[in-house]
Amino acid sequence: MTVFELDPVYWHVCRWLVAGVFAVALAHKLHAPRAFAAIVREYAVVPDGAAPALAALVAAVEAGVIAGLTSSFAVRPGAALALFLLAAYAGGIALNLARGRRHIDCGCFGPAAAGRHALSGWLLLRNGVLGIPAALLLLPVAARALGWLELAGIAAATATALVTYAAADALAANAPRVVRIGR
Amino acid sequence: MTALGISVVLLWVAVLVLAALVLALARQVGVLHERVLPAGALLLGSGARPGEAAPEHVLKDLAGRDVHIGGRREDGRHTLLFFLSPTCPVCKTLLPVLRSARKAEAAWLDIVLASDGDLQEQHRFVEQEALGAFPYVVSRDLGVSYRVGKLPYAYLIDDAGVLRTGGLVNSREHLESVFNAKELAVASVQDYLQRERAAKEHVA
């Protein structure tokens, strides 16, 4: 019986892409921990008093994701943790969209982007798309030696994916302003 | 290195550069949005202030119809009082905006044009610019009671007879800002900017 095995090139791209996205997100959160706690409070998923603790927990789990994905032995647990976080964020966003609290800041990249990114359905789509590489990392990976061209391809593809992700995020942040002008 | 290898490297370089350009463009759009401040009607120090009761007037327009300005309105409609003059070139550039606003905002808004000066000249102006659809009042007292010093000047009066917003309007954007101010419940562009600033400081 043949088991589907992911080619190591795809595997590495997924791994570094997810690690990179979480690293940027965590860096923003650590940069302004109090503002991030305020954003968590706005989500209103825990009592106000517990928000700083939840914010710290989220940052710690993100650190765990990065540590797992960049290590040589815990990539799969790291990917599982990343999937769990993405699902939890999507749940928080969907809950607040359902409550009609669209105005609150998503805090996605931490408070450095505060006031810039209101909640929208796009964020759910984004979390879903990010979940794909995280889920692929749970597959078994083929054992195969990589040449220099493949290593360069991994680096270039990861960089391209990260830059494209940032561009899509910037466009999504601009969207409400464009709508305002278009009226 | 094989030809395939070379072309793959070249393609990756091209893709990376293009992705970086897209990111730079997206960010520039964001910066432009930040820089372009909301253009708005400028509230002059001398004019009547938002929140004040609008001075009440009952006047006859050029067609002889009664026009009631200010005071409580039972039908819940707002009034845009637009001060203009046949001799003011900027006012003329805004007439198409007023015509489209009359249709677009017809559900909640009446537009009243107000002027001052020689009656014959006013009649000619109304005819030339085809303003027959608007109530057009000529009254010096009206301008004085609203303390209008510069033209074109506009006030939005709500159904309770209170001045909601107003100011000097020099462009389509300024006039639209008067409607936006009603939607956003802010008194003027200064008020809006002040709130934005306060909100930003609050976050920081």
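Trainee: Which helices of chain A are included in what covers the buried residues of H5(A)?

Mentor: This is a predicted model. The buried residues of H5(A) are A:Leu123, A:Arg126, A:Leu130, A:Pro133 and A:Ala134. What covers them includes helix H1 (8-31) and helix H4 (75-98) of chain A.

Trainee: Within what arc do the buried residues of H5(A) fall, seen down its axis?

Mentor: An α-helix has 3.6 residues a turn, so residues three or four places apart point the same way. On the other side of H5(A), A:Gly121, A:Leu125, A:Gly128, A:Val129 and A:Ile132 are exposed. The buried residues line one face of the helix, because they fall within an arc of 100°.

Trainee: How far apart are the end C-alpha atoms of helix H5 of chain A?

Mentor: Helix H5 covers residues 121-136, which is 16 residues. At 1.5 Å a residue the helix should span 22 Å. The value in the model agrees with that: 24 Å.

Trainee: Is A:Leu83 buried, exposed or partly exposed?

Mentor: A:Leu83 is found in helix H4 of chain A. Being buried takes 20 or more other C-beta atoms within 10 Å, and being exposed takes 12 or fewer. A:Leu83 has 18, so the residue is partly exposed.

Trainee: Which residues does A:Leu83 touch, leaving out those up to four places away in sequence?

Mentor: A:Leu83 and A:Ala135 are 52 residues apart in sequence, but 7.0 Å apart in space, C-alpha to C-alpha. With sequence neighbours up to four places away not counted, A:Leu83 touches A:Gly131, A:Ala134 and A:Ala135.

Conventions
Residues numbered from 1 in each chain as written. Chains lettered and ligands numbered in written order. Predicted model: local features only at pLDDT ≥ 70, side-chain atom pairs only at ≥ 80, totals over all residues. Helix = DSSP H or I, 4+ residues; strand = E, 2+ residues; numbered from the N terminus. Expected span 1.5 Å × (residues − 1). Arc of directions from axis to C-beta. Contact = placed C-beta atoms within 7 Å.
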